[in-house]
Amino acid sequence: IGAYVERLRLSAMFRDQTVRALGSITDVECSGGQLCPTGTTCHVCAEGSPCFHGGLCVESDYGDSFRTSGTLHIFEGDTLVSNRAYTFAPAIYPDTPVNSPLKVASVAKSLTATAVVRELDVQGIALDSSFAGAVGIWQDYSLSVTLGGLGSTFEARILDVLRNLGGFTPNRPLSYGNHAVIVDAGFGDLPIEGEEMFDYVFAPPPNGKVSLGMGDSDTYWESSWFVLGRFMGIVNYSNVGYSMLGELVRVLSGQSYAEYVRAELLVPLGLEDRVFLDPGNRFATRGPTLLELDSYLVNGRHPYNVASTNPVPVLPASSMEPTPGVLAWSPNNGPIDLRAPVWASSRYAGGRYLGGAPAAAGGWWADGEALGILIRTISRTSALLPIGKAAQLWHPQYWNYNHNLGQGWAYGLGWYIRGNWVAWQGGDDGSEALVLHNRMYDVTVVYLSNGKGNPTGDFINPLMQLGPNLTQGSSRIGAIWPCVPDPSFAPLTTCSSNPTRSY
């Protein structure tokens with residue numbers, strides 16, 4: 001009976017936090033005509049009308065265009081002990097399916113890192129091998145820098161790219177955001193796939209798009225970023241770098257990145273229909289899609305009230321084309337459905353299409369239960385790759401110590417680490433995704449929503465905040481699961497006394 005009561009208490013803690021997190025990405029406390037808080041785009045609301053994010057005031061028809069939803073899954077061991085779904089304005093919208101697939105944004109980076117570490121093990125390639133050498137790019141583009149003071153030439157390693165220290169631009173090169181540039185250069189057809197982008201980036205001089213110099217709008221790799229990253233510890237969180245890591249998987253394995261993840265990580269667990277690439281908008285898909293109607297949460301099952309007395313301007317389909325007559329690489333900037341308000345089409349409907357070339361950085365959809373099964377399998381078993389090799393993803397030896405990637409969290413090889421917890425996370429228009437596993441206590445928690453925000457800050461960090469004496473176990477989570485040193489990490493430890501590392 002005691003264990004059952006404890007389970008109810010733990011589930012209630014996470015359920016309450018889910019409601020708070022969904023509220024934090026929905027409601028801004030602002031009424032009575034005052035300006036909305038700094039950091040929101042809300043306009044001044046009329047007296048008595050609370051403000052919401054995205055320039056919307058609560059008026060009589062607010063439920064017609066507001067659609068925040070989420071799911072929560074809790075495992076103890078391999079047993080799913082809590083499985084919940086949350087629906088905003090249920091009097092207006094049908095309930096969110098309890099295991100609805102949602103966009104998971106940069107959770108893709110953790111999948112990519114896992115695929116890289118697995119394939120390096122298969123090929124017998126060391127983590128500190130040259131990235132350029134591993135992908136076999138043109139010799140003049142060796143992704144290297146000579147440091148006079150050190151009297152040596154250093155190359156970007158696979159390890160560096162995994163840690164976001166490899167010199168790939170943290171900003172979005174022109175062609176990374178607008179693939180029509182790649183098409184115009186003769187390197188592919190829309191939508192651009194990963195190999196086409198790779199060929200464009202690493203073409204022989206003078207056409208390749210690396211080392212073009214700081215400030216160039218199409219720079220993919222820059223030696224100064226590499227120096228700042230690897231030698232000064234300045235993390236440049238790079239979508240581009242992870243897209244290139246996806247291509248490393250292709251070069252080494254002979255399979256496309258997406259085929260590799262599907263065949264080697266998903267099929268063995270029977271998850272290939274539950275973790276899948278963004279198929280594009282349901283009104284404009286490229287061929288068959290695994291996406292169910294209830295996966296896009298602004299769609300036929302969740303219609304907008306077109307009879308509203310105060311309709312919100314819609315986003316014309318033509319505005320999605322960067323060049324008249326040229327279809328954008330992202331044809332589904334939200335639902336191509338003229339009933340949808342312009343801001344809702346990105347904030348709650350999944351944003352732009354993230355398949356194709358950038359998929360390794362952020363292009364998957366998944367249901368929460370499947371993600372829980374996947375992270376636990378990788379973290380505790382050798383079913384998909386040897387556990388000793390998988391441990392590199394979260395081992396303290398490979399942490400970078402820049403905490404801008406999440407308060408109190410270290411960043412390993414594409415995975416986040418805090419105490420005994422390992423995590424995958426992503427945030428984007430239409431996505432807050434957090435997948436947590438406690439390696440020492442065998443507990444898994446998955447929180448997904450279709451909002452916009454930081455899932456660590458909104459969901460888990462409030463439960464991990466230290467008490468006034470900064471001691472281990474003084475947070476709500478730490479009181480239940482105090483950090484236990486992992487003997488396999490000795491002499492390093494995940495349970496540092498550093499307040500930013502403990503809970």
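Partly exposed, as used in these exercises on a predicted model, describes a residue whose relative accessible area lies between the buried limit of under 20% and the exposed limit of over 50%.

**Exercise 1.** Determine whether Asp-160 and Arg-230 are each buried, partly exposed or exposed, and describe how the two residues are joined.

*Solution.* Begin with Arg-230, whose relative accessibility of 23% makes it partly exposed. Asp-160, by contrast, has 0% relative accessibility and therefore counts as buried. The two form a salt bridge in which the closest N and O atoms are 3.5 Å apart. This pair links distant parts of the chain, since Asp-160 belongs to helix H4 (residues 158-162) and Arg-230 to helix H8 (residues 223-232), 70 residues apart. Finally, Arg-157 joins Asp-160 and Arg-230 in a network of salt bridges.

**Exercise 2.** Work out which parts of the chain the salt bridge between Arg-118 and Glu-264 ties together.

*Solution.* First take the contact itself, where the closest N and O atoms of Arg-118 and Glu-264 are 3.1 Å apart. Next place the residues: Arg-118 lies in helix H2 and Glu-264 in helix H10 (residues 257-266), so the bridge ties together parts that are 146 residues apart in sequence. Then classify them: Arg-118 is buried at 17% relative accessibility, whereas Glu-264 is partly exposed at 21%.

Conventions: Residues are numbered from 1 along each chain as its sequence is written. This is a predicted model: local features need pLDDT of at least 70, side-chain atom pairs count only at pLDDT 80 or more; totals for chains, interfaces and linings use all residues. Side-chain values use heavy atoms; hydrogens and water are left out. A salt bridge is a side-chain nitrogen of Lys or Arg within 4 Å of a carboxyl oxygen of Asp or Glu. Helices (H or I, at least four residues) and strands (E, at least two) are DSSP runs, numbered from the N terminus. Buried means under 20% relative accessible area, exposed over 50%, partly exposed in between (1.4 Å probe, protein chains only).
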